[in-house]
Each structure stands twice: as C-alpha cells, then as structure tokens.
Amino acid sequence: MALEETVRTALGYVRTLIQQEELPLLRDHLLRLDAASRHDRFNGFLDDSFIERYAARCAEDGTVIVAYIVDGMVRGAAELHPPENDSLPEVAFSVEASARRQGVGTVLFRRLIAEARWKGYKRLRITTGAENHAMRALAGKFGAHLAFRHGESTGTIDLAKTPEAKLADLAASPFTAGRALLSFNSTCWKLISSMYGNRAA
C-alpha cells in the first residue's frame, strides 16, 4: 500500500500512482523526454521500444511511482525500485523540460523518501549519469554521497541521516520534552494530593 495523500504545487500536484496507472502514465512521460533528458535518465540514448519494456517492468515488479501530474499527464516521476537479491532499493528521477526549475524534483524526492520509510527501508541506492548535474545536486541535497565510476555516479542515501530526519528529530524534541514535563507534573500532583488527602483523613 502506498501513501495516498496528494501534495499540491503551483501548476499540478504530486501523488503516488496506483499500479493500474503506472504503465500508461509512466511510459508516456518517459517517451516525452527530450533526447538530453532521456540520456540523463538512462545514461544513454535509448529507443522507444526499450522505454516501453522498461515501463511495463516497473508496473509489474512492485516499483513505486511518485508522479507530478499536470492536466492529467505525468510531467515528472520518481521511481522507488524494490531491492533485488541483496541489493539496496534503487531510486530514479525524471522531469520533463516544461516542469523544471519549479521545485518539482525536491517535492518528488521528499515524497519518495517518505514512501521508502513507510516501507521500512533504511538505505537507498541512486545512480545517475555523470553529466546529470541537476540530479547530482538534488541527491546531494538529500544527503547522498556520490562516487564517479564507469561513466556514471552512484551512491547511497542513509534515511536516518537525511535532512528530513534531522528536522523531524528537532521538531519532535519540544513535544517529547513537553510530554515529559506533563508526566512529571502529573506525578507531583498525585503525590501532593495523596499527602494532603491522607493528612485530612
């Protein structure tokens, strides 16, 4: 089960696709990518038949697709691929030219990390083309440490150390302290009440 709530942006909205939607919506989005974007996404120039097979596999193997949707069409997608054998779950991103420089990648990344945490994943693997500077910068923003190898950049994201995790800890601290203080006050009040209650008796 995927997270169901939607996240609104200026022009469209972000939500997790249900499996029946994945094949046509993801496929059409990937086919719309221009040559440079397709190269960045797949680290090479790939023909339409490869993309059609790729989208079909995603729809069948349990890949979670978080989509940025404008007027019923997916303009950006974040993919969370389940782990194979002993490998880490892998993430991938693609945003069409018309949806860039609007913070879409950041929203998709944040939502994908929430999905990964919901599934109980502790670490994620990310691979991107060496020339995909935007993706490398975005990954770095979320704590990925990328290394260049064989024409691509690969790295991992420790979900316990992402900026979101640190912010969540900071946000939780006042509430945790507040609960402790309330518990302490409640205990003191019960003690005082019992003392005075016993004296009155």
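Glu115 and Arg111 are both buried, where buried means under 20% relative accessible area, exposed over 50% and partly exposed in between (1.4 Å probe, protein chains only). The model is predicted: local features need pLDDT of at least 70, side-chain atom pairs count only at pLDDT 80 or more, and totals for chains, interfaces and linings use all residues. Residues are numbered from 1 along each chain as its sequence is written, and side-chain values use heavy atoms, with hydrogens and water left out.

**Salt bridges overall**
- The whole structure holds 8 salt bridges, each defined as a side-chain nitrogen of Lys or Arg within 4 Å of a carboxyl oxygen of Asp or Glu.
- Arg32, Arg75 and Glu96 are joined in a salt-bridge network.

- Glu115 pairs with Arg111 in a salt bridge, with the closest N and O atoms 3.9 Å apart.
- Both residues belong to helix H4 (residues 104-118) and sit 4 residues apart, about one turn of the helix; helices (H or I, at least four residues) and strands (E, at least two) are DSSP runs numbered from the N terminus.

- Glu79 and Arg41 form a salt bridge whose closest N and O atoms are 2.8 Å apart.
- Because Glu79 is in strand S4 (residues 73-81) and Arg41 in helix H2 (residues 35-42), this pair ties together parts 38 residues apart in sequence.
- Glu79 is buried at 0% relative accessible area, and Arg41 is buried at 13%.

**Strand to strand**
- Glu90 and Arg125 meet through their side chains in a salt bridge (3.1 Å, N to O).
- Glu90 lies in strand S5 (residues 90-95) and Arg125 in strand S6 (residues 123-129), so the pair ties together parts 35 residues apart in sequence.
- Glu90 is partly exposed at 26% relative accessibility, and Arg125 is partly exposed with a relative accessible area of 30%.
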